[in-house]
Amino acid sequence: MKSKDVKILWGRSGNRCAICKTPLTQEATSPTASFTLGEQAHIVGDKENAARGKSLLTSEERDSYHNLILLCPNHHTEIDKNEVGWPVDKLHQVKSVHELWVTETLSETIDHVRLAQQTAISAVVDTAVELCDLENWQSWTSHALSPSQRWREDMPSALFNFRKRVNATIWPPEFDELSRAAISLSVLLHCASDEFMKHSDSLGNYYVADRFYRRPANNTDYDADLVEFEAWQDRCYDLVRQATKAANWFADVVRRDVNPMFFAAKGRFFIEEGPFEDLSVRVSIPQYTDAEKTALPASLKLYA
Ligand SMILES: [Zn+2]
Ligand SMILES: [Zn+2]
């Protein structure tokens, strides 16, 4: 008997007796005594004088997968003793029905795994809603994007926790794009808050920009410090804009792969920049192009 045939037989039988479905083991010295030793029984007997042995099959064909059926010792004894009750056709049928049952049971098992994975992924999505305050995106980012920048004091640690959570997630292969969007979003938000914290002061329940170029009152490096301050501000703004692109991408993929209703009513995440010197406010929906998405998160432009 070839090991390939034996392997196929055991695999397709789900390691169970085709008649009573008792779990079987291949090892005579199995550590689990509750398992019964399986027997690779011949449908057409292995020899002319064996049970159901009258056949034109060659001895190689008699030992092939197609002529074998996996049984417990009781049922092997039964089919060989009761040749009339267990003819060749009936055994082939029993084997086919059993293998179909195994396929269905097995695919059901896979569905359970899928369900568990989807549950885990849904939990990460819920975490994003909470820690990134997606519900109030336009509101909190408008503070971060205003000339008098301001971040709610709970945001930096929430965004750091979101990044840790995304890092710890094991993403099944079918959630590849979602994982890349989530990683991009978490890295950008964490970097945005980190960058802001470099020059911020605590004020009430907020962190506000520290205008360091104004210190001391007669700062001789005022002009250079102001340039530095404005460059830092631009980096802060840019990271929030990039994060909004990532949030829109993330929401699109969540709607496609996890939950079609995810922020479906709100649609896209807007940002509001300004007010500028002419008091105007610019509202936009930052979005990545498809080419940009393909390259993320490897292509993330950070200021570390
Ligand atoms: Zn059995
Ligand atoms: Zn036999």
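Reader: Where is Leu279 found?

Author: Leu279 is found in the loop between β8 and β9. Keep in mind that you are looking at a predicted model.

Reader: What is the value of phi of Leu279?

Author: Let's begin with the general idea. Most residues other than glycine have a negative phi, and most peptide bonds are trans. Leu279 has a phi near 70°, which is positive although this residue is not glycine. Leu279 also counts as exposed, at 68% relative accessibility. Asn15, which is not a glycine either, has a positive phi of about 55°. You can find Asn15 in the loop between α1 (3–12) and β1 (24–25). With a relative accessible area of 36%, Asn15 is partly exposed. Just after α1 there is also Gly14, with a positive phi of about 60°.

Reader: Which residues does a cis peptide bond join, and what is omega?

Author: Here are two cases. One cis bond links Arg215 to Pro216, with omega about -15°. Pro216 sits in the loop between β7 (206–209) and α8. Another cis bond links Gly274 to Pro275, with omega about 0°. Pro275 belongs to the loop between β8 and β9 (282–284).

Reader: Now the helices. Which residues of α1 are buried?

Author: Start with some geometry. An α-helix has 3.6 residues a turn, so residues three or four places apart point the same way. In α1, the buried residues are Asp5, Val6, Leu9 and Trp10. These residues lie on the same side of α1, because they cover an arc of only 125° around the axis. Ser3, Lys4 and Lys7 are exposed on the other side of α1.

Reader: Let me try α3. Which residues are buried, and which are exposed on the other side?

Author: Within α3, residues 73–81, the buried ones are His75, His76 and Ile79. Their arc around the axis is only 105°, so they share the same side of α3. Asn74 and Lys81 are exposed on the other side of this helix.

Reader: How many residues are in the largest nonpolar core?

Author: In soluble globular proteins, nonpolar side chains tend to be buried together. Here the largest nonpolar core has 54 residues, and the ones with the most contacts inside it are Leu134, Trp137, Trp151, Leu185, Phe250 and Phe262. At least two residues of this core come from each of α4 (88–131), α5 (137–145), α6 (155–167), α7 (176–197) and α8 (222–257). The helix that gives the most is α8, with 14 residues. A second, separate core has 18 residues, including Val6, Ile69, Leu70 and Cys72.

Reader: Which residues does Phe262 touch?

Author: Leaving out residues up to four places away in sequence, Phe262 touches Val125, Val129, Leu134, Phe250, Ala251, Val254 and Arg255.

Reader: And what do the buried residues of α5 pack against?

Author: The buried residues in α5 are Trp137, Trp140, Thr141, Ser142, Ala144 and Leu145. They pack against β5 (150–152), α6, α7, α8 and β8 (271–273).

Reader: Is Ala246 buried or exposed?

Author: Buried means under 20% relative accessible area. Ala246, in helix α8, has a relative accessible area of 0%, so it is buried. Beyond its neighbours within four places in sequence, Ala246 contacts Ser184, Leu185, Leu188 and Tyr288.

Reader: What about Arg180: buried or exposed?

Author: Use the cut-off again. Arg180 has a relative accessible area of 18%, so it counts as buried. This residue has its place in helix α7. Not counting residues up to four places away in sequence, Arg180 touches Trp249, Lys293, Thr294, Leu296 and Pro297.

Reader: Last topic, pockets. What is the volume of the largest pocket?

Author: Rolling a probe the size of a water molecule over the atoms shows where empty space is left. The largest pocket has a volume of about 330 Å³. It is lined by 17 residues, and those closest to its centre are Pro147, Gln233, Tyr237, Pro275 and Phe276. Helix α8 provides the largest share of this lining, 7 residues.

Reader: By class, which residues does the lining have?

Author: There are 8 nonpolar, 2 polar and 7 charged residues in the lining of the largest pocket.

Conventions:
Residues numbered from 1 in each chain as written. Chains lettered and ligands numbered in written order. Predicted model: local features only at pLDDT ≥ 70, side-chain atom pairs only at ≥ 80, totals over all residues. Heavy atoms only, no water. Core = buried A, V, L, I, M, F, W, Y, C linked by side-chain atoms within 4.5 Å. Buried < 20%, exposed > 50% of the residue type's maximum accessible area, 1.4 Å probe, protein only. Helix = DSSP H or I, 4+ residues; strand = E, 2+ residues; numbered from the N terminus. Contact = heavy atoms within 4.5 Å. Arc of directions from axis to C-beta. 1 Å grid on protein atoms, 1.4 Å probe; cavity = no way out; pocket = protein on both sides within 12 Å on 5 of 7 lines; lining within 4 Å. Points joined across faces, edges and corners; volume = space filled by probe spheres on them. Nonpolar A, V, L, I, M, F, W, Y, C, P; charged D, E, K, R; others polar.
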